[in-house]
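Hi,

Here is the model I promised to pass on. Have a look at it first, and my notes follow below.

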Amino acid sequence: MSGAGLLDLFVHFAALSLLAIGGALAVSPEMHRYLVGERGWLSTPQFNDAIAIAQAAPGPNILFVTLLGWQVGGMAGALAATVGQLLPSSLVTLACWRWKSAREDAPLVAAIRLGLSPIAIGLTASAGWVIASGASGTDPALWAMTAVAALVVWRTRVNLLWLVGAGALLGALGVVG
Amino acid sequence: MSAAAEPPAGAPQARPRPASLTELFLVFSALALRGFGGVLPWAQRVLVDDRGWLTREEFVEMLAFGQMLPGPNVCNVALMVGDRWFGWRGAVAALGGMLAAPCVVVLSLAVLYGQVADDPVVRRALIGMGAVAGGMILGTALRLATTQRGRAPWLVFGSLAFTGVALLRIELAWVVLALGPVAVLAAWLANRRRGGGAAR
């Protein structure tokens, strides 16, 4: 991949970075339009595979961006896409966090803490719900596994890897799903 | 129930904290590498329950901040945790730990993926994992909701966020932009009515 192409990739993902409220998946339609439609660097199946792989693999889902960059331009492409996607939002986050931390007793900061925390909890529950309903569909056995996993995490400190392993095993054996 | 090394009440300087940038990097690597289907449950478990670096309230606060700002939530939390003890170098170490090792795993899996993507056993295993991963994130939300005891009216905002994003499938950014300012304004007014105290 040419230097100009890499720069283009970097700049485009950096511009999307500040729009990615709630994570990079929020701007994935725009990434698809750019990489598949406008540039023709990737096919739609390649694009969808990148998202599926990053979600199945351990680690933050943002790594689908790394994978997209890798498919477009190898190691240099992976770096350009990942750094582009993360650098602007990270700088904004750090700046806001430091602003807030320097004013713990200010009325606005107290209001942010009180007002935004319940929304954060609601959004976290939403993320869980969306993932669970995508996987479980209308299958009662899968929903039962979702409920058990939720209960275990909520009420106990059992090692969570057992839960993931049990889910994979019961799924693979065809006990559920 | 940690029996040993329980600090006496009211000794904030005795709070556990990462000893070095290396420890920060390794702890974030380890928790990210276990995060199948989502890192958030592991971040809560390791940073709050296991290590005690953050209280549950502090974790919710960082998460709330991370969600309102651009960028992936857990990556934003990593930046804040690192910055808290080691400044920008800590932020880089925590975020680097979160990304480096999983990055290698993801790229390796990409090579393998073409061969197994259509295997029905693999597909079923991934569906089973997805059902559990979703449940783990729901359970994490319930665990974090215990920080809101005595603030029941505020959970209206949480319920509205859930209704908008999970049930109505409205784009998250719109829900955040609509609910966030209203909730902060309501909280500001409530705090002022209570006598200007920055109630915690």
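How many residues of chain A are in contact with chain B? The count is 85 residues of chain A against 90 residues of chain B, where contact means that the C-beta atoms of two residues, placed from the backbone, lie within 7 Å.

Before the rest, some housekeeping. This is a predicted model, in which local features need pLDDT of at least 70 and side-chain atom pairs count only at pLDDT 80 or more, while totals for chains, interfaces and linings use all residues. Residues are numbered from 1 along each chain as its sequence is written, and chains are lettered from A, with ligands numbered from 1, in the order in which they are written.

Back to the side of chain A that touches chain B. Helices H3 (44-56), H4 (63-101), H5 (107-136), H6 (140-155) and H7 (160-172) of chain A each put in at least two residues; helices here are DSSP runs (H or I, at least four residues), numbered from the N terminus. H5(A) gives the most, with 28 residues. By class, that side has 58 nonpolar, 22 polar and 5 charged residues (Ala, Val, Leu, Ile, Met, Phe, Trp, Tyr, Cys and Pro count as nonpolar, Asp, Glu, Lys and Arg as charged, and the others, Gly among them, as polar).

As for domains, whose bounds come from an automatic or database assignment, chain A splits into 1-102 and 104-177, and chain B into 16-149 and 152-200. The C-alpha centres of the two domains lie 25 Å apart in chain A, and 25 Å apart in chain B.

The largest nonpolar core has 118 residues, and Leu68(A), Ala78(B) and Ala94(B) have the most contacts inside it. Such a core is a set of buried Ala, Val, Leu, Ile, Met, Phe, Trp, Tyr and Cys residues joined through C-beta atoms within 7 Å, and buried means 20 or more other C-beta atoms within 10 Å of a residue's own. Leaving aside neighbours within four places in sequence, Leu68(A) is in contact with residues including Met31(A), Phe47(A) and Ala81(A).

- H1(B), residues 21-33, reaches 18 Å between its end C-alpha atoms, close to the 18 Å expected (1.5 Å times one less than the number of residues). Its buried residues include Leu24(B), Phe28(B) and Leu31(B). H2 (40-50) and H4 (73-116) of chain B are among what covers them.
- H7(A) has end C-alpha atoms 19 Å apart, which agrees with the 18 Å its 13 residues should span. Cover for its buried residues includes H6 of chain A, plus H2 and H5 (120-145) of chain B. After H7(A) comes Gly174(A), with a positive phi near 80°.

Finally, which residues of chain A is Gly35(B) in contact with? Setting aside neighbours within four places in sequence, they are Pro58(A) and Gly59(A), and Trp42(B) is also a contact. Gly35(B) sits in the loop between H1 and H2 of chain B and counts as buried, with 25 C-beta neighbours inside 10 Å. Arg143(B), in H5 of chain B, is buried too, with 23 other C-beta atoms within 10 Å.

Cheers

Definitions and conventions
Buried ≥ 20, exposed ≤ 12 C-beta atoms within 10 Å, placed from the backbone.
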